[in-house]
Amino acid sequence: MSRDRPAPPSGDRLTLMLDLDETLVYASDVELGRPADFHALGYHVYRRPHLQTFLDHVLARYDVGVWTSSGRSYAEAVCAALFPPQTLRFLWSSERCSISRDWTTGDYLNRKRLQKLKTHGYRLERLIAVDDTPSKHAQNYGNLVCVSEYLGEDPHDDELLHLIEYLDALADAANVRKIEKRRWRERVAGAQAAARTQA
């Protein structure tokens, strides 16, 4: 995998574009109330609960890439700790983000414009972005599955287990952009409750 040029998608598999910070891991410049799972560029990094189960599942079934708004060296260090070699289709960092201004707040924001992946052969109708920050995907209509923010503290966080089930439900959709993804956790919980009733 070139750090600048993504590997082409493999057939018609669903592509997952994963965020890192507050989505898969939490990084802090001070240690929390427990030892870090690993360290990256001086940061104490904590894996989200069930992360390994999640990664094992999605790497076996989908094309997986990472796009973070953090710096390249940090992204490479974290991904080296999380992913087996040569398993990511791409690893993009802040330099690939587009900067735009929020005219309501005056703040400048990093945006992840998926059109940049489209130029490398990725079909947007078969691409899901997993991120905790919706503002970074304001121009990616229909591609975002927004997860709750992970801050390294909750040992009972089960977001990634629910996410596995939801992604599997999307896997065969011809166009994932047409599927309503807001309140996705409630739909997963409803499906689980229905399955229990039928058992």
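## Asp 63 and Arg 13

Asp 63 is buried, at a relative accessible area of 1%. Buried means under 20% relative accessible area, exposed over 50%, and partly exposed in between (1.4 Å probe, protein chains only). Arg 13 is partly exposed, at 31%.

The two side chains meet in a salt bridge, 3.7 Å from N to O. Asp 63 lies in strand 5 (residues 63–67) and Arg 13 in the segment before strand 1 (15–18), so this pair ties together parts 50 residues apart in sequence. Helices (H or I, at least four residues) and strands (E, at least two) are DSSP runs, numbered from the N terminus. A salt bridge is a side-chain nitrogen of Lys or Arg within 4 Å of a carboxyl oxygen of Asp or Glu. By this rule the count is 11 salt bridges.

## Basis

This is a predicted model: local features need pLDDT of at least 70, side-chain atom pairs count only at pLDDT 80 or more, and totals for chains, interfaces and linings use all residues. Residues are numbered from 1 along each chain as its sequence is written, and side-chain values use heavy atoms, leaving out hydrogens and water.

## Asp 157 and Arg 48

Asp 157 is buried at 10% relative accessibility. Arg 48 is buried too, at 1%. Their closest N and O atoms are 3.0 Å apart, in a salt bridge. Asp 157 sits in the loop between strand 10 (144–146) and helix 4 (159–170), and Arg 48 in the loop between strand 4 (43–47) and helix 1 (51–61), so the pair ties together parts 109 residues apart in sequence.

## A network

Glu 125 pairs with Arg 123 in a salt bridge, with closest N and O atoms 3.0 Å apart. Salt bridges with shared partners join Asp 12, Arg 123, Glu 125 and Arg 126 into one network. Glu 125 is partly exposed at 26%, and Arg 123 is partly exposed at 38%.
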